[in-house]
Amino acid sequence: MNIKQLQYINGEWVKAASGETRDIINPFNQEVIATVPEGNETDAKAAIAAAREAFDHGDWSTTPATERGAIVRRITELIERDHEELAVLESLDTGKTIIESRGDMDDIAGVFRYYAEIADKEGGELIASPVPDSVSKVVHEPVGVCGQITPWNYPLLQASWKLAPALITGNTLIMKPSEITPLTTIKIFELMEEAGVPKGVANLVLGAGHTAGAELSASLDVDLISFTGGIVTGKKIMQAASVNVKKLALELGGKNPNIIFADADFDTAVDQALNGVFFHAGQICSAGTRLIVEDKIHDDFVNALVERMKQFKLGDGFDNDTQMGPLISAEHLAKVEAYVNAGVEEGATLAIGGSRPTEAGLQDGFFYLPTLFTDCTSEMNVVQDEAFGPVITVERFQTEEEAVAISNDSIYGLAGGVWTNDIVKAERCAKKMRMGTVWINDFNLYFPHAPWGGFKQSGIGRELGKLGIEEYSESKHIFQNLNPQPMNWF
Ligand SMILES: NC(=O)c1ccc[n+]([C@@H]2O[C@H](COP(=O)([O-])OP(=O)(O)OC[C@H]3O[C@@H](n4cnc5c(N)ncnc54)[C@H](O)[C@@H]3O)[C@@H](O)[C@H]2O)c1
Ligand SMILES: C[N+](C)(C)CC=O
């Protein structure tokens, strides 16, 4: 494997202080594809110290934004140069199809390009001061040392949403990727070094969440934690981060409703309902796994989905005709199996799937069949809980109000969709749906210019867009009296 299988701390490529390592496996066939350091609290502390020193005594935070933008633009060019290598690494590590990984790399280059382009476009704000002969202005400054923790499903994409805005705003950082999918994150640190990111500014620690990750959340020397991952972990991080009232950005899970009205374009809605769920075997925070279908078309819609799902080609992500790869790990497969079994027990009807495939070529991978439940109601756990796998639940509705109420009956509020040809109805629904993103006649579309994040327990804060910069900035009001006079009060 043509990457450094090491951590990157204070500009040096290093092993874990403990000497421990972890094998990284391909979820398609369980082959070991790399062996990387298993960092822990000690490594995290070293990385935090490097980032602290670089922020407090280095030049990065005061480097002109134009120069920081130029370095981020150079990173974009290097991602474009190594696009195929990155895509191959991501598919080997996650099991997702190479076509999906190539699309991810396009998106990632787009994120770095977007932030490089806007790096020097915001110079603060002059305030209309109510005090005569004075200047009142707001300037934006970096937050400081940022801990960044990412999940395994979109390893480099989620990393890019954190790295690019943190760098252009002059922060220093420590990133800890998921311990099971670190490869493309290691590679991007190689590219950041090549692009000229100064020593100590960007640090990479590998290892488990409860060791290396917990140290980042609890350290008094970290000023901000940006976390993408599960809700249970997010709550732990929020608690640990309270130790020094860190700034906090949480991108957590979702159970995303997709409302299908009878007046929608039927074939497109069927096709996009499938696209909305089954990329990366449903392991997407915004997967539209909670279908809410108008009564009049419910049976036809379900039948059309099932017919299409019967044809899915599961297999090696590097085969051109593979549509869906494996789940990420044996542990995650067991979770999805338990989730589906519990759904059957609570009375949902399995229309298709519900087991592992029996095909000979798939037995070494963590595969699960595309699965669809009907006869679902909002009270069921299978409807309320995030599946994070290839599993759809279908509920019925009769009125628009009912559809919106069902869609909002959730602890989550990440994303949702509405399919209808009535634009006024669509806008009415979108306004009432309590989610960070609502797609009308589309699903799972995101781009760097628009913010991403959740309502309710799906998170705090926003990534991407201009709001993604605000996460990494402090606003400071500077007031200058140009004609100071004594008050003669005391
Ligand atoms: N909202 C979004 O944009 C978004 C995007 C991708 C994934 N997700 C969510 O991520 C979840 C799946 O990812 P996952 O299984 O990797 O999540 P996870 O919460 O298990 O792990 C995420 C990261 O947190 C680390 N971690 C674990 N315990 C920790 C602790 N105590 N302290 C600090 N760090 C810790 C892990 O090592 C990993 O790097 C799903 O719930 C999915 O919805 C959300
Ligand atoms: C945010 N997104 C859709 C890229 C990945 C969620 O898992």
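Guide: Gladly. Let us begin with ligand 2: domain 1 (7-252 + 458-477) and domain 2 (257-440) both contribute residues to its shell, so ligand 2 lies between them. Keep in mind that this is a predicted model.

Visitor: Which residues surround ligand 2?

Guide: The shell consists of N153, Y154, L157, Q158, W161, I284, C285, S286, Y446 and W452. Sorted by class, seven of the residues around ligand 2 are nonpolar, three are polar and none is charged.

Visitor: Which polar side-chain atom lies 2.7 Å from an oxygen atom of ligand 2?

Guide: Here a distance of up to 3.5 Å between N or O atoms counts as a polar contact. The side chain of N153 supplies a polar atom 2.7 Å from an oxygen atom of ligand 2. The backbone takes part as well: a polar backbone atom of C285 is 2.7 Å from an oxygen atom of ligand 2.

Visitor: How much of ligand 2 does the protein bury?

Guide: Compare the ligand taken alone with the ligand in place. Alone, ligand 2 exposes 250 Å², and the protein buries 99% of that. Ligand 2 sits in the largest cavity.

Visitor: Now for ligand 1. What kind of space does ligand 1 take?

Guide: Ligand 1 takes up the largest pocket. The elements giving two or more residues to its shell are α7 (209-218), β10 (224-228) and α8 (231-241). Of these, α7 provides the largest share of the shell around ligand 1, with four residues.

Visitor: Which residues come nearest to ligand 1?

Guide: There are 29 residues around ligand 1, and T150, E179, T233, L252 and E386 come nearest. By class, this shell holds 12 nonpolar, 12 polar and five charged residues. Domain 1 (7-252 + 458-477) and domain 2 (257-440) each give at least three residues to the shell around ligand 1.

Visitor: Which side chains place a polar atom 2.6 Å or 2.8 Å from an oxygen atom of ligand 1?

Guide: For E179, a polar side-chain atom is 2.6 Å from an oxygen atom of ligand 1. For W152, the distance from a polar side-chain atom to a ligand 1 oxygen is 2.8 Å. W452 has a side-chain N or O atom 3.0 Å from an oxygen atom of ligand 1, and W452 is also one of the residues surrounding ligand 2.

Notes:
Residues are numbered from 1 along each chain as its sequence is written. Chains are lettered from A and ligands numbered from 1 in the order in which they are written. This is a predicted model: local features need pLDDT of at least 70, side-chain atom pairs count only at pLDDT 80 or more; totals for chains, interfaces and linings use all residues. Side-chain values use heavy atoms; hydrogens and water are left out. A residue is near a molecule or strand if one of its heavy atoms lies within 4 Å of it. A polar contact is a pair of N or O atoms within 3.5 Å; within protein, one must be able to donate a hydrogen and the other to accept it, and residues adjacent in sequence count only if both atoms are side-chain atoms. On a 1 Å grid over the protein atoms alone, a cavity is a set of points where a 1.4 Å probe fits but cannot get out, and a pocket is an open set with protein on both sides within 12 Å along at least five of seven lines; lining residues have an atom within 4 Å of a point. A molecule sits in a cavity or pocket if more than half of its atoms lie within 2 Å of its grid points. Ala, Val, Leu, Ile, Met, Phe, Trp, Tyr, Cys and Pro count as nonpolar, Asp, Glu, Lys and Arg as charged, and the others, Gly among them, as polar. Domain bounds come from an automatic or database domain assignment. Accessible areas come from the Shrake-Rupley method with a 1.4 Å probe; for residues, only the protein chains shown count as cover.
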